[in-house]
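Dear colleague,

Please find the structure below, with its sequence.

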Amino acid sequence: MIINSYIGRMTGFRLAVFIGTTTLTCGYFLTAYAINVHFYLVIFTYAIGTAIGLGMTFANIGVNAAKWFPGHEGMITGLATLGLGSSPLILSPLQHLLINPTNLMPNMTSSGSSDLYFDQESLLQRVPTYFTKKAVIFACLQIVGHCCLFEKKEVQLNEDSDVEREQGEEGDSQKDPLLPSATVSASVMHLFKSKSYWVMASSFCFSCASTVFILVNFKSYGQTIINDDSFLTMTWSISSISGGIGRMGGGFLLDVTSFKFVILINCVFQSAICLFLGLCELHKVPIIYCMLINCTALLQNCLITIFQVVGWRRFQYVERNLSIGLVFLGWCCGNLISVVFGYILMSVCDWQGTFTAFVCLPISGVVITWFLVDEDT
């Protein structure tokens, strides 16, 4: 997202999105080759390459859509990014059809771990081909998407008055810190020196960590209580609908209530979900697990929209794409915390104990947001 801000300034909105989507598609193409070479190469092509492409595209779409509807940025940002949140509705069943059409179950365990893995040769051979087909599908969708991209042009109200137009342009240049490169660097340095930025990034970090852990491990944990890969695929597909609702609902609530209120409600529900997920291992009721995963997807997508909008509202002296990217560094730290904290917990306790311990993270997010975030945020 940060890189995209500078590329967008030099090339324009449409070309910046094109570079991002091309990077994403190339990441899938290269992964089809890398998966037969080495695990670390897969990390570079899939984890890093596609993440860079997605980040470069994501911020641009929401920011430019919001320009068309000033005053309703939250709702419009949620609608504009609805496709990202709801994409598993189509892609998850497609992935299952292309990789595991016969609904095979994982049957291999690693030493010292209860995690299950697939070792069926027929299934593993389909994985490289899947990435190639996925890249082709994404390329076609991106061509359609580029044809629908339009950037809102600024309209001059006083076209007959050159003096007023020049004065207006001068005023805009003073309000818009994006134009001079020196001003951009100064605004970023000012942002990093601001207590509000670090509080906001910390709030995002702790508020999102538990949802990241749950959704990343939803299948690993689900395989311990549900012996049906098709059901887990369906759960993930349905969660995309919840994710879309979360994006729109989060934006709407942010427009009509306050940032602190939405974060409080979000984190309270996160804590409850962590406690209930631990109990799933005891009762093993598939429909309850499906409901909890859907609620988690809703809460996570709600958070993404909220911090995307609040990021540019709170730090207006920084260009919108850049402010979103910098605030989303908190999201990156939340991902890192969820991995490290989860790894440590899983080495000393079971799933139930791990989910219970993760309750402390959304509670920390509430404390940071409620007591440290400025009232005018």
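**The largest cavity**

Helix α6 makes the greatest contribution to the lining of the largest cavity, giving 4 residues. Please keep in mind that this is a predicted model. The largest cavity has a volume of about 40 Å³. Its lining is formed by L91, L94, Q95, L98, Y130, K134 and I137. Two elements, α6 (88–99) and α8 (126–147), each give two or more residues to that lining. By type, the lining residues of the largest cavity divide into 5 nonpolar, 1 polar and 1 charged.

In soluble globular proteins, nonpolar side chains tend to be buried together. In this model, the largest nonpolar core holds 35 residues, and F259, I306 and F307 are the members that touch the most others. Several helices give two or more residues to this core, including α3 (39–66), α10 (181–192), α11 (195–216) and α14 (259–283). Also in that group are α15 (286–314), α16 (320–327) and α19 (360–372). Of these, α15 gives the most to the core, with 8 residues. Another core, of 25 residues, lies apart from it, and among its members are I214, C280, C290 and L299.

Although A209 and Q300 are 91 residues apart along the chain, their C-alpha atoms are separated by 9.4 Å.

Residue N301 belongs to helix α15. N301 has a relative accessibility of 8%, so this residue counts as buried, the cut-off being under 20%. The side chain of N301 reaches the backbone oxygen of A297 at 2.7 Å.

**Helix α13**

How far apart are the end C-alpha atoms of helix α13? The helix has 28 residues (residues 229–256), so at 1.5 Å a residue it should span 40 Å; its end C-alpha atoms are 40 Å apart, which agrees with that expectation. The N-terminal end of α13 is capped by D228, with a side-chain oxygen 3.1 Å from the backbone nitrogen of S230.

Yours sincerely

Note on methods:
Residues are numbered from 1 along each chain as its sequence is written. This is a predicted model: local features need pLDDT of at least 70, side-chain atom pairs count only at pLDDT 80 or more; totals for chains, interfaces and linings use all residues. Side-chain values use heavy atoms; hydrogens and water are left out. The expected span of a helix is 1.5 Å times one less than its number of residues. A polar contact is a pair of N or O atoms within 3.5 Å; within protein, one must be able to donate a hydrogen and the other to accept it, and residues adjacent in sequence count only if both atoms are side-chain atoms. On a 1 Å grid over the protein atoms alone, a cavity is a set of points where a 1.4 Å probe fits but cannot get out, and a pocket is an open set with protein on both sides within 12 Å along at least five of seven lines; lining residues have an atom within 4 Å of a point. Grid points are joined across faces, edges and corners, and a volume is the space filled by probe spheres set on the points. Ala, Val, Leu, Ile, Met, Phe, Trp, Tyr, Cys and Pro count as nonpolar, Asp, Glu, Lys and Arg as charged, and the others, Gly among them, as polar. A nonpolar core is a set of buried Ala, Val, Leu, Ile, Met, Phe, Trp, Tyr and Cys residues joined through side-chain atoms within 4.5 Å. Buried means under 20% relative accessible area, exposed over 50%, partly exposed in between (1.4 Å probe, protein chains only).
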